[in-house]
Amino acid sequence: MNYKIPRGTFDIIPPQSAKWNYVKDVFRRVASSFGYEEITTPIFEMAELFERSSGESSDVVQKEMYRFTDQKGRTFALRPEGTAPVVRAFVENHLDKTAAHSKFYYMGPMFRYDRPQAGRYRQFYQYGIEFIGSNNPYYDAEVIALEQMFLKELGLKDFRLEINSVGCGNCSKEYEKALREFFQPVFDKLCEDCQNRYENNPRRILDCKVPSCKELRHGAPSQLDYLDDDCQDHFEKARLYLEQMDVDYVVNPSIVRGLDYYTNTAFEFIVDSLGAQNTIAGGGRYNGLIEQIGGRATPAVGFAGGFERLILALESQGISFPEELAPDVYVIAMGESAESYAMRPMQAIRKAGIYAEYNPDKSSFKSQMKAADQSKARYAMIIGEEEVTLDKPMLKNLSDGTQENLSLNQIIDRIKDN
RNA sequence: GUGGAUGUAGUUCAAUGGCAGAGCACCGGAUUGUGGUUCCGGGCGUUGCGGGUUCGAGUCCCGUCAUCCACCCCA
């Protein structure tokens, strides 16, 4: 084998591809029932789009972005996430001026240079929802309810929703200041990672798994105590709507989003059994992003989910996917004249929308019957010298063993009847 | 980017430093007109790749690549 797939990437081949299509179909259906429409953007954009939107100091920008320059020296990046491109498209198509609000869903590959492990890949596939155009907390609840309905529709069990509010530009900064003041006296006792977090993202100290850091954060201030009146009200209303829509959640004040543009509501859907990479979807409100990208200030909320992790979770829970496609009819022909005769009824059957399978490489009659059986076809259409003379193939019901010589029309009717 | 585990047939796994094997799957056959069971037959695998030690390496050593686990980060 001379060529190998790049690290952290994977092929989606049958029968796995059928599972992916099924999950995508369900997502499309659920998104449509909430009025969301599909948007597709390029998989690469100007690198600056992500640098500005995600935040220069974010891990995504600092070390995970696939950057490249083209023949004219322009710097692009393979998209590490889906929201910034959607917002770019929104602004570039003047939707900030022409639409009261926009409801988008998307799916496609994202790219991050990260060390692969189960549930984490360098090219991975996300689905996402973006609602742009209102600060009404109803929409926070709507996008969350959509994701929950999607997961339930697939039959996923044992997942939980955690929500938080990270506040707006003002109260968020106040809170981080308070956090730094709280940890400042014990700075030397924090682990090395947390000492870095202290400057870059002090909220993450609340998430650290090192026991000593867990001790040190007892009594640390909570973002929820630092929300200003508007943010407080927004969070309460979003929670109320969730309750009214029967969406179960727990408030987790230590939820942090990795990208800089999030405001107010932040949330994650988590499946514990997945291991370290257990967040299957995450998102929140990003009221400042559109203006930051150059559009008119427009509030928005959305989320993204990972197909790999979702499918991993579904499989580990033994959830059934639609059965693989089995032929309706398996065509068996004996002898040269039968083989050429068989083409005509076979094509007619296919044209009628019936799945007919045929394997000319199987030599003996017996091996053809065996193949018909293994294919799980409902019927075998058997054609030999007699059938050619009669111009009536034999249709055999493979589950009860009955068989009968029938005209082409009779065959099609019979198969369509059940 | 850091630490650890593992790489043998399509797959799941064997093989004290001494002839690379088995189950399952797959293919063919047991009178080219009747399928699931059964029986018979079918494997020359760069033992992930490259070096080294040795009379001899799947096995020991070094490097490398990949996967997995944890950290980190996140979907």
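**Reading the model**

Guide: Start with one contact: the backbone nitrogen of K72 lies 2.9 Å from a polar atom of the D70 side chain. A polar contact is a pair of N or O atoms within 3.5 Å; within protein, one must be able to donate a hydrogen and the other to accept it, and residues adjacent in sequence count only if both atoms are side-chain atoms. This is a predicted model, where local features need pLDDT of at least 70 and side-chain atom pairs count only at pLDDT 80 or more, while totals for chains, interfaces and linings use all residues. Residues are numbered from 1 along each chain as its sequence is written, chains are lettered from A and ligands numbered from 1 in the order in which they are written, and side-chain values use heavy atoms, with hydrogens and water left out.

Visitor: Where does D70 lie, and is D70 buried or exposed?

Guide: Helices (H or I, at least four residues) and strands (E, at least two) are DSSP runs, numbered from the N terminus. D70 lies in the loop between β3 (67-69) and β4 (75-78). Buried means under 20% relative accessible area, exposed over 50%, and partly exposed in between (1.4 Å probe, protein chains only). D70 counts as buried because its relative accessibility is 18%.

Visitor: Which loop holds I43, and what is its relative accessible area?

Guide: I43 sits in the loop between β1 (37-38) and β2 (44-46). Its relative accessible area is 35%, so I43 is partly exposed.

Visitor: Now the RNA. Which residues come nearest to RNA strand B?

Guide: A residue is near a strand if one of its heavy atoms lies within 4 Å of it. There are 49 residues around RNA strand B, and A118, R204, G258, T279 and L398 come nearest.

Visitor: Which atoms of RNA strand B do A118, L398 and E387 approach?

Guide: A backbone N or O atom of A118 lies 2.5 Å from a phosphate oxygen. For L398, a backbone N or O atom lies 2.3 Å from a base nitrogen. E387 uses its side chain: a polar atom there lies 3.0 Å from a base nitrogen.

Visitor: Which element gives the most to the surface near RNA strand B?

Guide: That is α15 (365-374), with five residues.
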